Number of protein chains: 2
Amino acid sequence: MKNISISCKYIKIKDGFWSSRQKINRTVTLDAVYNRFNDTGKISAFQCSWKPGDDERKKPHLFWDSDVAKWIEGASYILMHEKIPSLEEKIDKIVDGIDNNMTKDGYFNVYYNIFGLSGRFTDRNNHELYCAGHHFEAACAYYEATGKDKYLNLMERFADLIYKIFVEDKSAYFMTPGHPEIELALIKLYRTSKKQKYLDLCRFFVEKRGQNDKDIPLFGDLKYAYDEVPLKNAVYADGHCVRTNYLMSGVCDLAYETGDTELYEACKRVLKNAAEKRMYITGGQGSTYLGERYTSDYHLPNKTAYAETCASISLGMYAHRMELYEPDSYYGDIVERVLYNGALSGVSLDGDSFFYENPLEIRNEDYAVNYYDFEKSRHFIPRIRQQMFSCSCCPPNILRLIASIGDYIYSYSTQNGKADTLFIHQYISSSFCHEGISANINTKFPLDGAVTVKASGVKYIAVRIPYYCKKLISDTPYTVKSGYAYFDIQDIDEISFDLNLSARFVYSNTSVYDNIGKAAVMYGPAVYCAETADNESVENFFADTSLGIKITGEKFGLPEIVLSGLRQIISDELYSENKPLQIPGTLKMIPYFAFANRGEHEMITFIPVKN
Amino acid sequence: MKNISISCKYIKIKDGFWSSRQKINRTVTLDAVYNRFNDTGKISAFQCSWKPGDDERKKPHLFWDSDVAKWIEGASYILMHEKIPSLEEKIDKIVDGIDNNMTKDGYFNVYYNIFGLSGRFTDRNNHELYCAGHHFEAACAYYEATGKDKYLNLMERFADLIYKIFVEDKSAYFMTPGHPEIELALIKLYRTSKKQKYLDLCRFFVEKRGQNDKDIPLFGDLKYAYDEVPLKNAVYADGHCVRTNYLMSGVCDLAYETGDTELYEACKRVLKNAAEKRMYITGGQGSTYLGERYTSDYHLPNKTAYAETCASISLGMYAHRMELYEPDSYYGDIVERVLYNGALSGVSLDGDSFFYENPLEIRNEDYAVNYYDFEKSRHFIPRIRQQMFSCSCCPPNILRLIASIGDYIYSYSTQNGKADTLFIHQYISSSFCHEGISANINTKFPLDGAVTVKASGVKYIAVRIPYYCKKLISDTPYTVKSGYAYFDIQDIDEISFDLNLSARFVYSNTSVYDNIGKAAVMYGPAVYCAETADNESVENFFADTSLGIKITGEKFGLPEIVLSGLRQIISDELYSENKPLQIPGTLKMIPYFAFANRGEHEMITFIPVKN
């Protein structure tokens with residue numbers, strides 16, 4: 001069932017929704033992230049010259065390797081399509097810093113290299129292996145983009161050291177990473193270097209997890225560390241969302257490479273729990289800032305949603321790996337939900353500022369208490385995107401996601417060693433010519449559902465039928481399997497079909513208490529929201545679902561939507577036996593990903609409905 | 001307009017709702033609070049013998065004087081009606097401790113007497129004057145109850161010292177109390193001792209507030225300290241709810257004694273803001289645990305309501321003082337709301353455990369995250385009443401409230417020095433004979449609205465017409481003024497009337513976001529709630545207000561109520577285009593004050609309504 005991915009390196013993104021975003025990514029976000037990393041000492045840190053007495057604000061932190069590596073990875077995806085010498089210079093300088101400071105035995109981590117190597121591999125709560133993993137990913141991407149292998153070689157040395165410390169010597173104070181990520185990175189390193197050792201190291205970390213008494217549980221909480229049971233027995237999407245999603249992405253990669261169906265089934269179960277019980281409609285995850293974690297089934301409060309940008313991105317990575325292992329529209333649907341909602345909302349429309357948290361509701365009154373002495377004891381979700389976070393994993397993550405969006409579009413299966421079926425997982429105008437296959441997608445999706453696909457070098461094209469597409473309309477006959485429409489293109493070279501997009505009301509499960517009596521509005525894959533930027537008030541409106549949804553124009557690359565219903569007239573008394581008066585009214589809605597781009601506003605995603 | 005209160009000392013509470021509560025208060029709560037104070041070292045602390053090396057859990061705290069004094073005050077109200085030598089013994093021993101440890105110049109505070117008198121009057125954030133105030137109240141009550149004047153004499157010495165330090169020497173590090181309360185206590189001391197000095201000291205604290213640059217703002221926040229403007233200019237119910245309510249109670253007392261209409265008008269404005277913009281339907285106040293404070297108009301979230309028991313009690317104290325100054329049913333309505341809801345919910349039905357916070361909604365899912373390392377960074381509201389709090393102001397406060405409930409029933413006005421009109425503010429079966437007036441109320445209120453009042457020694461009886469009483473039904477003619485029905489009883493000695501109680505839906509102002517599309521249910525003064533103790537689920541039910549409210553029996557001294565409406569069938573998918581199925585269903589409701597008496601349950605007060 002496994003099929004082969006087409007790397008974004010070979011894919012040209014054509015005019016459309018994502019090419020616009022890539023343009024902003026390339027012209028604004030790339031430099032914005034670099035400049036703020038530079039301003040805050042994250043770039044110079046790689047020269048390992050910070051010392052006590054220097055600017056305290058630039059004192060290196062445990063996460064910094066990962067932040068910068070993710071930026072390098074994102075930059076590399078851009079370099080795959082465009083030669084930018086000044087950008088390579090910046091990266092090379094960072095790589096030189098690593099080279100100059102890597103220990104003889106192959107260790108590098110900004111924090112430990114500066115503050116004392118004796119501390120290395122002693123604290124599972126620290127992000128050492130996570131940082132290493134991001135370096136591995138970045139090194140592979142930079143090598144793929146430029147052919148330069150210095151960074152890659154350094155990281156292979158580092159991976160070799162980790163293999164020695166963990167697998168051979170067992171000399172670390174812990175056995176599996178506190179913050180997983182290295183698992184999927186090791187698979188990338190294995191695929192790039194072809195060295196079996198890295199696959200073995202990945203397998204080591206995966207197999208040791210959940211059966212490792214010696215491990216210090218993270219903050220004393222096995223669930224948080226996703227360390228309760230051996231991964232092959234995993235069922236629930238628990239613990240820190242990003243860590244769990246990265247971990248399970250690596251597990252899926254490992255299953256893909258090794259054919260370990262037990263692990264693959266575990267990946268399926270955990271993703272099912274995540275997507276069917278613990279996921280916001282936006283593809284956001286993490287119902288509380290406390291531990292940035294999964295909580296319990298159906299616990300999806302809107303206002304206090306954590307829904308970290310990285311959690312969405314990592315959910316997309318996880319689901320994408322699943323569709324490579326076994327194409328089923330279930331997975332591409334998740335990827336799509338993430339891409340157009342909870343991940344994309346992480347960056348401003350101008351590409352310059354970022355959300356870490358992506359709530360589904362913002363009410364100004366919750367910010368009324370701004371009492372300095374108590375403020376620190378409560379968590380206030382930012383109402384506008386910030387230029388930088390102290391923990392800034394999300395900005396470079398969204399950079400690399402958008403730069404590598406091509407990764408999510410295509411894959412192909414083989415029959416007797418020959419390309420057989422080209423899978424289209426995401427509807428993004430694009431083309432590629434690689435491994436004897438060429439393909440071309442033309443569409444205005446997500447604004448419009450009409451899609452044309454040309455392909456050669458395969459017998460079949462299988463296109464994902466999204467969950468919201470009641471019937472995929474095409475003049476060309478097709479058969480349906482696991483949510484994909486299979487077109488035989490042995491006699492034709494182009495197919496056209498329509499996903500039949502429409503605006504619709506979507507109801508939450510009745511166990512999601514916050515959404516009882518409410519409905520969300522979606523158009524195609526995009527969740528909508530209402531902001532006070534477009535409405536005098538987003539409160540006191542009840543949508544009348546029988547009046548339908550009106551499309552009034554285009555905004556932010558998608559239809560602008562207006563709901564009709566009843567609006568309550570603001571009442572006088574605090575408590576009254578008189579039911580508030582209701583008059584006909586409307587509510588304007590915009591795509592969720594575009595919220596908070598016009599200043600601080602109240603915002604709601606789930607709209608009360610007349611019942 | 002002012003009229004004269006009848007002290008609870010002279011009032012006999014007869015069989016009915018409150019006599020049952022008083023019985024539990026006397027037989028359970030009185031000892032429960034004492035025993036837990038004793039177990040935790042609060043009683044022995046008055047011997048001032050704790051020293052480093054002794055049990056750290058019994059190390060005296062800044063609040064302790066106030067806690068114990070409030071218990072003595074409550075005990076004294078009980079002693080007004082019953083001779084209990086063992087109880088007096090306990091109190092006398094505490095008073096002896098004060099006597100033995102009071103400094104020569106008249107200072108006593110458990111904390112400072114033990115840990116160093118050099119610290120006294122140096123930190124406005126500490127609760128020194130608040131503690132003193134509670135001692136003054138307790139000393140007055142104990143003297144009134146027993147005729148013993150030792151405690152009163154000690155406290156007069158203490159008050160004299162405070163006068164000297166603050167008014168004469170101006171040697172304290174601050175000029176007005178951080179935690180007000182002493183203001184109202186000084187008025188009590190003035191009334192008991194007849195010494196003008198204490199009235200003057202009260203006036204000093206009131207007049208200095210809000211115009212006192214030298215004062216250290218509490219935690220840097222003038223609003224929190226209710227210190228932004230001179231009190232005569234006050235408009236908003238701001239800051240720490242209990243402190244503000246106590247303060248304004250004292251201001252109203254001062255206005256009453258001095259005829260200062262400017263201060264009285266300020267009291268009116270602040271109470272209006274509190275009651276019409278910043279009060280839960282239960283009479284609870286404080287929309288956040290952050291600072292236990294008033295936040296902004298209409299910000300009244302249900303789940304995170306702080307609504308401290310002491311805040312409700314102090315609001316009742318404040319409103320009661322207002323009705324003595326100028327009878328208007330507006331005030332008695334507030335007192336009644338507090339008594340039957342937000343104050344009474346502070347104690348369990350068995351009198352043994354207490355709520356500090358009284359939320360209007362409890363959902364178990366919010367407690368799912370119980371991750372030890374992060375727990376301390378979030379506030380979890382207890383779901384069942386506790387036997388003791390580290391800061392245990394509420395248990396003795398509810399003790400003294402119930403013991404002194406008689407205070408809230410009657411007052412009388414005079415004409416040419418003679419008693420003229422007897423006011424009935426609260427409908428509590430009771431009688432008194434004092435100052436040439438005798439009166440007798442017979443009623444099953446709040447279960448039933450039929451009331452009979454007998455009185456002699458006055459020309460008129462004025463009974464409060466509650467806001468929910470559309471028409472007060474009586475065979476005896478009456479005239480209405482400021483919400484009171486005035487009966488001329490010069491030719492009759494008994495009047496009967498009916499308040500015409502009924503169950504009803506009550507809607508919040510449309511600006512209370514949490515309650516949009518919902519309604520509360522009330523019967524007479526009592527707010528209702530639905531608990532999973534009586535319902536399989538309190539979620540997914542929409543009340544059909546057109547079907548009315550069914551009374552199915554009696555529970556907790558009030559009608560048991562059942563709502564009819566639609567219940568949603570639990571759905572499968574997390575998100576679906578299918579609206580949840582609804583079938584006819586019911587919801588059982590009980591009086592709010594009785595919630596959380598049958599274990600931990602989900603609870604809602606505002607019920608979604610079919611709209």
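Two strands are taken to pair if DSSP finds at least two bridges between them. The legends below describe close-up views of a predicted model.

**Figure 1. Strand β21 of chain A pairs with β19(A) and with β16(A).** Strand β19 (residues 558–568) of chain A is joined to β21(A) by 8 bridges, and the two strands run antiparallel. Within this pairing, Ser564(A) has Thr586(A) of β21(A) as its bridge partner. Strand β16 (residues 526–531) of chain A is also antiparallel to β21 (residues 582–591) of chain A, and 2 bridges connect them. Strands of a sheet pair through backbone hydrogen bonds, in either the parallel or the antiparallel sense.

**Figure 2. Surroundings of Tyr528(A) in the largest nonpolar core.** The largest nonpolar core has 206 residues. Tyr528(A) is one of the residues with the most contacts inside this core, a group that also includes Leu186(A), Val251(A), Cys267(A), Ile461(A), Val521(A) and Ile607(A). Helix α5(A) gives the most to the core, with 11 residues. Leaving aside residues up to four places away in sequence, Tyr528(A) touches Val521(A), Met522(A), Tyr523(A), Ile561(A), Met589(A), Ile590(A), Pro591(A) and Tyr592(A). Apart from this core lies another, of 204 residues, which includes Tyr107(B), Tyr264(B), Phe354(B) and Val512(B). In soluble globular proteins, nonpolar side chains tend to be buried together.

**Figure 3. The crossing of helices α5 and α6 of chain A.** Helix α5 (residues 128–146) of chain A and helix α6 (residues 150–168) of chain A have axes that come within 8 Å and cross at roughly 150 degrees. The crossing of α5(A) and α6(A) is left-handed. On the side of α5(A), the contact involves Ala132(A), His135(A), Phe136(A), Ala139(A), Cys140(A), Tyr142(A) and Tyr143(A). These residues meet Tyr151(A), Leu152(A), Met155(A), Phe158(A), Ala159(A) and Ile162(A) of α6(A). The contact of α5(A) with α6(A) comprises 12 nonpolar residues, 1 polar residue and no charged residue.

**Figure 4. The contact between chain A and chain B.** Chain B contributes 52 residues to the contact, and chain A contributes 52 residues. On the side of chain B that touches chain A, at least two residues each come from α10 (261–277), α13 (372–375), β13 (503–508) and β19 (575–576) of chain B. The largest share of this side, 5 residues, is supplied by β13(B). By class, the side of chain B that touches chain A divides into 21 nonpolar, 18 polar and 13 charged residues. Strand β13(B) also pairs with strand β20 (residues 575–576) of chain A, in the antiparallel sense and over 2 bridges. In this pairing Ser576(A) stands opposite Tyr507(B) of β13(B).

**Figure 5. An open sheet of chain B.** The sheet consists of 5 strands in the order β2-β6-β7-β8-β12 of chain B, with antiparallel pairing. Its edge strands, each pairing on one side only, are β2 (11–13) and β12 (494–498) of chain B. From one strand to the next the twist averages 10 degrees. Strand β7 (residues 437–443) of chain B and strand β8 (residues 450–456) of chain B are linked antiparallel by 6 bridges. Ile441(B) faces Val453(B) of β8(B) across this pairing.

**Figure 6. Strand β11 of chain B, paired with β9(B) and with β10(B).** Strand β9 (residues 460–464) of chain B is joined to β11 (residues 484–488) of chain B by 5 bridges, with the strands antiparallel. Strand β10 (residues 479–481) of chain B likewise runs antiparallel to β11(B), through 3 bridges. Ala485(B) takes part in both pairings, as the bridge partner of Val463(B) and as the residue opposite Val480(B). The hairpin of β10(B) and β11(B) has 2 residues between the strands, and Ser482(B) adopts a positive phi near 45 degrees in this hairpin.

**Figure 7. Asp238(B) in a loop of chain B.** The loop that holds Asp238(B) runs between α8 (196–208) and α9 (241–258) of chain B. Asp238(B) counts as buried because 25 other C-beta atoms lie within 10 Å, where 20 or more are required. Not counting residues up to four places away in sequence, Asp238(B) touches Lys223(B), Tyr226(B), Thr244(B) and Tyr294(B). The C-alpha atoms of Asp238(B) and Ala75(B) are separated by 32 Å, the two residues being 163 residues apart along the chain.

Methods: Residues are numbered from 1 along each chain as its sequence is written. Chains are lettered from A and ligands numbered from 1 in the order in which they are written. This is a predicted model: local features need pLDDT of at least 70, side-chain atom pairs count only at pLDDT 80 or more; totals for chains, interfaces and linings use all residues. Axes are lines fitted to C-alpha atoms, for helices over the stretch in contact, and angles run from 0 to 180 degrees between N-to-C directions. Helices (H or I, at least four residues) and strands (E, at least two) are DSSP runs, numbered from the N terminus. A crossing is left-handed if the near helix is turned anticlockwise from the far one by less than a right angle, and right-handed if clockwise. Two residues are in contact if their C-beta atoms, placed from the backbone, lie within 7 Å. Ala, Val, Leu, Ile, Met, Phe, Trp, Tyr, Cys and Pro count as nonpolar, Asp, Glu, Lys and Arg as charged, and the others, Gly among them, as polar. A nonpolar core is a set of buried Ala, Val, Leu, Ile, Met, Phe, Trp, Tyr and Cys residues joined through C-beta atoms within 7 Å. A residue is buried if 20 or more other C-beta atoms lie within 10 Å of its own, exposed if 12 or fewer, and partly exposed in between; C-beta atoms are placed from the backbone.
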